[in-house]
Amino acid sequence: MAGISLKNIEKIYPGNVTVVEGLNLEINDGEFIVLVGPSGCGKSTTLRMIAGLEDISGGELYIGDNLVNDVSPKDRDISMVFQNYALYPHMTVYKNIGFGLNLRKEDKKLIDKKTREVAKILDIEYLLNRKPKELSGGQRQRVALGRAMVREPAVFLLDEPLSNLDAKLRAEMRGEITKLHRRLGITFVYVTHDQIEAMTMGDRIVVMKDGYIQQVDKPMALYDSPANLFVAGFIGSPQMNFIDSTIEKKNDQYYVKFNDYSIPIPKSKGGEKIFESYIGKNVVLGIRPEHICIEKDFLEKHEESTIYTQVSLQELMGAEVYLYVNCNDKKLTVRASADTMVESGDMIKIGIDEDKMHLFDKETGKTICN
């Protein structure tokens, strides 16, 4: 087992195209860390540099105590699972799993023992004599995991391994990979563009954009305390609502103002030390859909945080309903109980839970308070 250390890592392609710049990250031994971000953010390139499949343009990469910048992939003690599984179509499942051990000329009895042990763990013993074309997507994914596992690597790298599966199978495999990590106890580095995968699987999440790390933290810390507008909007489904606003002060109370509404900012958000310099300035109010309330009790107790909106659309999601509402030029998403009696076109009152709101600097995008 081994941790991974990336120090000022850069990747620059010909033509001075920078994909990853000044990346610093410490991955703990045995940790499940997820790199997440939109297409082109540099997450897969970072993973491929760890694997040795991409040359490093600058900086230092350590696996354990070993500097591996110039070490070939086969000597890095890593295994990688690819998006397209990369199975050999002419080989049986048994031979696909044991292929890496055969390359290392391991003893045949040992190869057989390890292959069958891995197949048992992944519940694919009954598939050992089949070829990839006879397997479903989920079965192929298990074979690809088995081929990586059988080598007993120090580091397990996974590059969007579930993106080719349907929604139901993706949910099942998320659980299987999480259980596999707990069982093996080795370092997992997992790349995805799907923030639901990131939130449900990772010990920590690395949010990337344009080759830079935006924030590294535990899933709920990212959700509750995003470092900037990008992280706030990327993590969470449906995404956080954003409202262009200004800060004003009446007596000793600070408010966030938009349209004709002024929402009081709780003292717990920071008070004068934070907000005095923002009076009259443009900020962005962020509020998650589940923190907009339509219950009568809340609206009565939080009259200052109540605004009038018109429902433009509703989406029933089973146990809950998403209401898409308009407040003048502001479009908001509200997450409510499925038994909410609201129709498109209705005028309704909604309340913003002041304790759950976030404020961001309009100019820099950085968080003012969570």
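**Labels and their grounds**

Modeller: Glu160 lies in the loop between strand E7 (155–159) and helix H5 (167–184), where helices (H or I, at least four residues) and strands (E, at least two) are DSSP runs numbered from the N terminus. This is a predicted model, in which local features need pLDDT of at least 70 and side-chain atom pairs count only at pLDDT 80 or more, while totals for chains, interfaces and linings use all residues. Residues are numbered from 1 along each chain as its sequence is written, and side-chain values use heavy atoms, with hydrogens and water left out.

Biologist: Why is Glu160 called buried?

Modeller: Its relative accessible area is 12%, and buried means under 20%, exposed over 50% and partly exposed in between, with a 1.4 Å probe and protein chains only; Glu160 is therefore buried. Glu160 also has a positive phi, about 45°, although it is not a glycine. Most residues other than glycine have a negative phi, and most peptide bonds are trans.

Biologist: Asn251 has a positive phi as well; is Asn251 buried or exposed?

Modeller: Asn251, with a phi of about 55°, sits in the loop between E11 and strand E12 (253–258). Its relative accessible area is 74%, so Asn251 is exposed.

Biologist: How do you know whether H2 and H4 are roughly parallel or roughly antiparallel?

Modeller: Helix H2 (residues 93–103) and helix H4 (residues 137–149) pack at an angle of about 30°, with their axes 7 Å apart. That makes H2 roughly parallel to H4, because angles under 35 degrees count as roughly parallel, over 145 as roughly antiparallel, 65 to 115 as roughly perpendicular and the rest as oblique. Axes here are lines fitted to C-alpha atoms, for helices over the stretch in contact, and angles run from 0 to 180 degrees between N-to-C directions.

Biologist: Which residues of H2 and H4 meet?

Modeller: From H2 come Val93, Asn96 and Ile97, and from H4 come Val143, Gly146 and Arg147, contact meaning heavy atoms within 4.5 Å. These residues divide into three nonpolar, two polar and one charged, where Ala, Val, Leu, Ile, Met, Phe, Trp, Tyr, Cys and Pro count as nonpolar, Asp, Glu, Lys and Arg as charged, and the others, Gly among them, as polar.

Biologist: Why is Thr333 called buried, and what is it in contact with?

Modeller: Thr333 lies in strand E18 (residues 330–337), and its relative accessible area of 13% falls under the limit, so Thr333 is buried. Leaving aside neighbours within four places in sequence, Thr333 is in contact with residues including Pro238, Asn241, Ile292 and Tyr324. Pro238 is itself in the loop between helix H8 (229–234) and strand E11 (241–250), and a cis peptide bond, with omega about -5°, joins Ser237 and Pro238.

Biologist: How many helices and strands does the chain have?

Modeller: The chain has ten helices and 21 strands, and its C-alpha trace spans about 80 × 45 × 35 Å along the principal axes.
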